[in-house]
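Here is a short report on a single protein chain. Keep the sequence and the 3D view open while reading.

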Amino acid sequence: MPFARLAAATTPTAHIGLGLAAVGRPGYINLGRDADLPAERSVEALRRRTHELLDAAYAQGVRYVDVARSYGRSEEFLADWLARRPDIDDLVVGSKWGYRYTADWRTDADVHEAKDHSVSTFEEQRAETAALLEDRLDLYQIHSVTPDSPALSDKELHTRLAQFAAESGVSVGFTTSGPSQAETIRAALAVTVDDKPLFRTVQSTYNVLETSAGPALAEAHDSGVSVIVKEAMANGRLAAPHAPAALREIAEQTGLGCDAVALAMVLHKPWASMVLSGAATAVHLSSNLHAAVVDLDDEQLGRLADMAEKPSDYWRERAALPWT
């Protein structure tokens, strides 16, 4: 299991990871990117920003980093940083395959990424990831599985993934998105190879506004699968400038930011093995990491629970967010 060596006592922030989706490419759907990223979004500018974030995250106790083939040059940026920090041997690294980055380093591309869960894509992208991260990879996930994905039924793919895990020691997982996350999670948990469960981790969207995957994630945890939570900030919708009034009020009561409260709500779930910060600045990252010390009472947790939206409404709004 990729997180077995991340004992809770390691650091107060051991259960908060850093995702590089927002800085591995010039365009993404997070709100506030114009203020968060440098005016020049060249490859070298974002490489420097990524390295600044990795330095800050590691110094503050973060020990998990999440990248993907479709996150522009995120794997490359992480590999460069690891090469410069040969002293670091306790970082857990997860990446994903199944999407191709197609925006050609533009924010105005018609299509930013293309999905393909075929065996041939797995083999191609596995080799690309290995060329960059070599033996530093701990977890390889199928990117954004949905109920109609062939990744749930392709026996050849399942066999190849199991062989890859056995030969490399890398854990195999999957991520989900969309209003049917719970259905996807339960279907993936039923996938076996030689009567053994294939997937060791699941990464899903879960936040104050989108809680529909919660029961299925609890089931995954109870079955021995590690749960990673992504988009806990709802792509910026829970950050202070955009946060609902109730979240702002609770943040004022705690004396910390809306972001710390939003992340703390997820950390409060006993099934959450890892919660990702998608911060694009070191300042925002430090604010996110305060989630580890937020103490929410039952009344505050109840008010946060009341903020949940219908999954269809949440995902409709997410789909409408612009790539900037």
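## Buried sites, barrel and cores

T50 counts as buried, because its relative accessibility is 1% and the cut-off for buried is under 20%. The model is predicted. T50 belongs to helix 2, residues 43–59. Leaving aside residues up to four places away in sequence, T50 touches L20, V23 and F77. V23 is 27 residues from T50 in sequence. In space, their C-alpha atoms are 6.1 Å apart.

**The barrel**

Eight strands form a closed barrel with parallel pairing, in the order 1-2-3-6-7-10-11-12. From one strand to the next, the twist averages 25°. Strands of a sheet pair through backbone hydrogen bonds, either parallel or antiparallel. Strand 2 (residues 64–66) and strand 3 (residues 92–97) give one parallel example, with three bridges. Y64 stands opposite V92 of strand 3. Helix 4 (residues 119–133) lies across strand 3 and strand 6 (139–145). Helix 4 runs at about 150° to strand 3.

H117 sits in the loop between strand 5 (113–115) and helix 4. Is H117 buried or exposed? H117 counts as buried, because its relative accessibility is 4%. The side chain of H117 has two polar partners to inspect, listed here.

| H117 atom group | Partner | Distance |
|---|---|---|
| H117 side chain | S149 side chain | 2.7 Å |

Leaving aside residues up to four places away in sequence, H117 touches W97, G98, I142, H143, S144, V145, S149, P150, A151 and L157.

Most residues other than glycine have a negative phi. S144, one of the residues that H117 touches, has a positive phi of about 60° although it is not a glycine. S144 is found in strand 6. S144 is buried, because its relative accessible area is 9%. W105 also is not a glycine and has a positive phi of about 60°. W105 is found in the loop between strand 4 (99–101) and strand 5.

**The buried side of helix 6**

Which residues of helix 6 (residues 181–189) are buried? They are Q181, A182, T184, I185 and A188. These residues are on the same side of helix 6, because they cover an arc of only 160° around the axis. The elements that cover them include strand 6, strand 7 (171–176) and strand 10 (201–205). Helix 7 (214–222) and helix 12 (311–320) are also among the covering elements.

**Nonpolar cores**

In soluble globular proteins, nonpolar side chains tend to be buried together. The largest nonpolar core here has 95 residues. Which of its residues touch the most other members? They are L78, L161, F199, V229, L296 and L304. Helix 9 (residues 258–267) gives the most to this core, with eight residues. Apart from this core lies another, of eight residues, including L6, V92, I228 and L276. V92 is also the residue opposite Y64. L78 touches L20, L54, V65, V67, V93 and L133, not counting residues up to four places away in sequence. L20 is in contact with T50 as well.

Conventions:
Residues are numbered from 1 along each chain as its sequence is written. This is a predicted model: local features need pLDDT of at least 70, side-chain atom pairs count only at pLDDT 80 or more; totals for chains, interfaces and linings use all residues. Side-chain values use heavy atoms; hydrogens and water are left out. Two strands pair if DSSP finds at least two bridges between them. Helices (H or I, at least four residues) and strands (E, at least two) are DSSP runs, numbered from the N terminus. Axes are lines fitted to C-alpha atoms, for helices over the stretch in contact, and angles run from 0 to 180 degrees between N-to-C directions. Contact means heavy atoms within 4.5 Å. Buried means under 20% relative accessible area, exposed over 50%, partly exposed in between (1.4 Å probe, protein chains only). The arc is that of the directions from the helix axis to the C-beta atoms. A polar contact is a pair of N or O atoms within 3.5 Å; within protein, one must be able to donate a hydrogen and the other to accept it, and residues adjacent in sequence count only if both atoms are side-chain atoms. A nonpolar core is a set of buried Ala, Val, Leu, Ile, Met, Phe, Trp, Tyr and Cys residues joined through side-chain atoms within 4.5 Å.
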